[in-house]
Amino acid sequence: MDEANTERVKVSVIMPVYNVEPYIRQCLDSVINQTLKDIQIICVDDGSDDGSLEILKEYESKDSRVKVLEQEHRFAGTARNYGMSVAEGKYLVFWDSDDYFYETALEDMYNQCEEDNADVCICGGRRYFEELEQESPNPRYLRPKDVPEEVPFNRKTAPDSVLPITVEAPWNKMFKKEFVEGTGVKFKEIRNANDVYFVVMNLCLAETITLVRKPLVCYRRKDSGLVSTVSKGLLNALKTWVDAAEDLKARDAFPERSFANRALESVIYLLGNTGDWETFKEGLLYLQDGNLDKMCITHREDEDFYLINFHNEAARRLHEDSPEVFSRWLGNLYLQREAVTVARLRHESEEHRFTTKDLNRTIKEKERAERKIGYLENDIKNIKNSVSFKFGRIVTWVPRHLKALLKGEKAK
């Protein structure tokens with residue numbers, strides 16, 4: 001890109017690509033058709049062995065804004081760092097190549113960053129359930145209850161919001177390049193959770209964080225591989241949180257309550273989706289070896305310290321329970337959540353049937369509700385493969401209870 005073009009690049013879109021042939025065209029189309037045209041699209045192929053690279057080169061030949069880089073398979077963090085090293089935009093976004101993005105996403109975030117002179121902009125998002133072929137809202141990407149009264153904000157003006165307000169993923173955020181270069185923070189070059197360190201560090205170090213409250217990105221939720229993926233990278237993911245805590249303290253930028261809440265939520269999620277017993281045990285023992293304290297995850301006398309009601313008990317159990325005892329407690333927790341989800345889906349499907357007048361729409365809604373239940377059953381199968389189900393005492397109770405709920409009967 002020549003000097004004249006460099007001066008007008010407003011946003012660099014950095015995208016790691018690995019074996020996403022079924023999704024990459026939809027993703028790239030949503031990027032090149034953004035209403036903000038002065039952009040650079042950096043696609044880093046991470047050693048794909050399907051048709052992804054050929055598709056990337058096809059788009060590169062048709063659009064001068066697309067730049068394709070190649071590397072051996074070294075995971076997304078390495079690819080993102082590579083892309084960042086050649087980025088020329090005033091702002092950076094790190095989008096995933098199996099997601100897609102609403103056409104005003106870059107323009108809306110760019111304008112908000114410019115208006116507020118922001119280091120980081122967070123936007124809302126939606127999920128796309130592949131099996132259902134439909135989108136769904138997800139307030140976790142930008143949690144309304146954690147939005148501070150005054151925006152823009154930072155860890156000093158809103159210390160309890162700076163991390164709980166969003167997920168530790170980069171794809172619903174825009175970063176000022178000058179700010180990121182100033183922090184020196186890069187993505188971890190590991191299999192799992194490569195983005196946690198980058199996002200957590202930069203959110204806590206930012207002087208100005210702004211928001212676009214409407215959904216601008218759509219995260220693709222695929223019904224495969226979650227338990228397996230977490231199991232392969234559990235210890236690295238946990239260490240990433242510990243590294244972030246230690247480095248933020250060293251920079252005098254550690255928001256204790258905010259960090260402990262978000263880290264604990266992530267720890268429970270990671271342990272609850274680990275499908276290998278030895279990996280689960282290794283992870284819990286690592287946490288109990290002083291690393292929970294480094295993240296300030298402890299049982300609190302102040303019951304309001306944790307934002308989620310069962311987290312104080314979870315913190316105590318993480319310190320005190322053996323792996324066997326903690327896995328049983330975690331299994332019970334997940335079962336209760338899934339039972340509530342099933343009941344809600346049943347209610348939604350019944351409500352749709354009785355409030356829809358048009359016959360064709362009624363049939364469509366009924367089929368969609370049935371697919372929802374089917375998708376949930378697949379989710380439950382995955383959860384049953386996790387440690388908390390394999391080693392929970394209540395495993396044999398799950399099929400009877402969920403079957404009863406799905407039929408509308410009273411559980412036996």
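Strand β4 (residues 91–94) and strand β8 pair in the antiparallel sense, and three bridges hold the record of that pairing. Keep in mind as you look that this is a predicted model. To find one of the spots where these two strands meet, go to V93, whose bridge partner in β8 is M174.

Strand β8 has another neighbour too. Strand β6 (residues 120–129) is joined to β8 by three bridges, and these two strands run antiparallel. Here you can look for V120, which stands opposite F175 in β8.

Now follow β8 itself, which covers residues 173–176. Which way do its side chains point? K173 and F175 point one way, while M174 and K176 point the other way.

Let's move on to a pair of helices. Helix α4 (residues 75–86) and helix α7 (residues 194–205) have axes that come within 8 Å and cross at roughly 50°.

Next, visit a loop. T298 lies in the loop between α10 (277–294) and α11 (311–320). Is T298 buried or partly exposed? Its relative accessible area is 22%, and buried means under 20%, so T298 counts as partly exposed. Leaving out residues up to four places away in sequence, T298 touches D293, Y306, N312, A315 and H319. Take H319 as an example: it is 21 residues from T298 along the chain, yet the C-alpha atoms of the two are separated by 7.6 Å.

Finally, step back to see the whole protein. How many helices and strands are there? The protein has 15 helices and nine strands. Of its 412 residues, 55% are buried. Among contacts with a separation of 6 or more, 79% are between residues 24 or more positions apart. The accessible surface comes to about 18,900 Å², and carbon and sulfur atoms account for 46% of that surface.

Note on methods: Residues numbered from 1 in each chain as written. Predicted model: local features only at pLDDT ≥ 70, side-chain atom pairs only at ≥ 80, totals over all residues. Heavy atoms only, no water. Axes fitted to C-alpha atoms, helices over the stretch in contact; angles between N-to-C directions. Helix = DSSP H or I, 4+ residues; strand = E, 2+ residues; numbered from the N terminus. Buried < 20%, exposed > 50% of the residue type's maximum accessible area, 1.4 Å probe, protein only. Contact = heavy atoms within 4.5 Å. Areas by Shrake-Rupley, 256 points an atom, 1.4 Å probe, with all protein chains shown as cover. Pairing = 2+ DSSP bridges.
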